[in-house]
Amino acid sequence: MKHRFTSLPAALLLVLSAVAVAGEELSHSFARIDPPRSVPDFSLADMDGDPHALQDYRGKVVLVNFWATWCPPCRREMPALEQLYLKLADQPFVVLAVNQWEDADHVFAYMGDLNVFPSFPILFDPESKVSADFGVKGLPTSFLLDKQGRVVYRAVGGRAFNHPEVEQAIRELLAAE
C-alpha cells in the first residue's frame, strides 16, 4: 500500500507537468543553418496517391514539416501552418507536411477533426527514409529551404508559424535571388 502513496505524488506531478506543457505557447524561432546545406531530392505520395518531388519546387521557398497525428505539438501547430500558407498563397512558397509512419486513411480521419482542412500537400514517409535523410531526431521538425533547395533554417519542436518573425524570415528568402 505504501508504494501506491509514494507513486501518487509522482503521477500527479507528471500530469501537472503535461498540462503545463500543453498550455505553453509554441515558439516561433528557427535556427539558421550557415552555410546552407543541400538535402537529397525525394518523391513522396500525397493523400490522393499523387507524387510530389522536392525538385519540382525549385524556385520556390519550401517549408518541409515532419509530423505525426499522435504528436501533440504537431497537432497544435497545424492550424498556424495553414494560416501561414494561405497568407503567402500569392508568393512562390509551399508547405510540404511530411507525415511519419501513418497511412492516408488515419491522417484523413485526423484532418476531419481540425477546424480547417489543410490546403497544402500532406505527404507520406511511411518508413521515415526522407526524415532520416534530413536528420530528423524528433517530431515535429521543420526546415525552411531557399529557392535553390538548400536548408537555411531548422526548428525542432512545435512552432507558431503564424508569428510575424516566421513570415519575415520567409519573405527574406522570397526576396533573395
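Over which residues does pLDDT stay under 50? I looked this up before anything else and found that pLDDT (the predictor's confidence in each residue, from 0 to 100) stays under 50 over residues 1-22, a stretch for which the model has two contacts beyond four places in sequence, contact meaning heavy atoms within 4.5 Å. For the protein, I noted a mean pLDDT of 86, with 86% of its residues reaching 70 or more.

I keep in mind that this is a predicted model, in which local features need pLDDT of at least 70 and side-chain atom pairs count only at pLDDT 80 or more, while totals for chains, interfaces and linings use all residues. Residues are numbered from 1 along each chain as its sequence is written, and side-chain values use heavy atoms, with hydrogens and water left out.

**The sheet**

I next traced an open sheet of six strands, ordered β1-β8-β7-β4-β5-β6 with mixed pairing; strands here are DSSP runs of E of at least two residues, helices are runs of H or I of at least four, both numbered from the N terminus, and two strands pair if DSSP finds at least two bridges between them. At the edges I found β1 (31-38) and β6 (122-125), each with a single partner strand, so one side of each is left without a neighbour in the sheet.

I found helix α2 (residues 72-87) lying across β4 and β5, at about 165° to β4, whereas α5 lies across β4, β5, β7 (141-145) and β8 (150-156), at about 175° to β8. These angles run from 0 to 180 degrees between N-to-C directions, with axes fitted as lines to C-alpha atoms, for helices over the stretch in contact.

In α5 (residues 164-175) I looked up E172, which is partly exposed at a relative accessible area of 45% (buried is under 20%, exposed over 50%, partly exposed in between, with a 1.4 Å probe and protein chains only). E172 and V61 are 111 residues apart in sequence, yet their C-alpha atoms are 10.0 Å apart in space. I170 touches V61, L84, L88, F93 and L144, leaving aside residues up to four places away in sequence.

**The disulfide**

Lastly I checked the cysteines and found that a disulfide (a pair of cysteine sulfur atoms within 2.5 Å) joins C71 to C74, with S to S at 2.3 Å. The torsion about its S-S bond is about 75°, so the disulfide is right-handed. C71 is buried at 2% relative accessibility, and C74 is buried at 0%.
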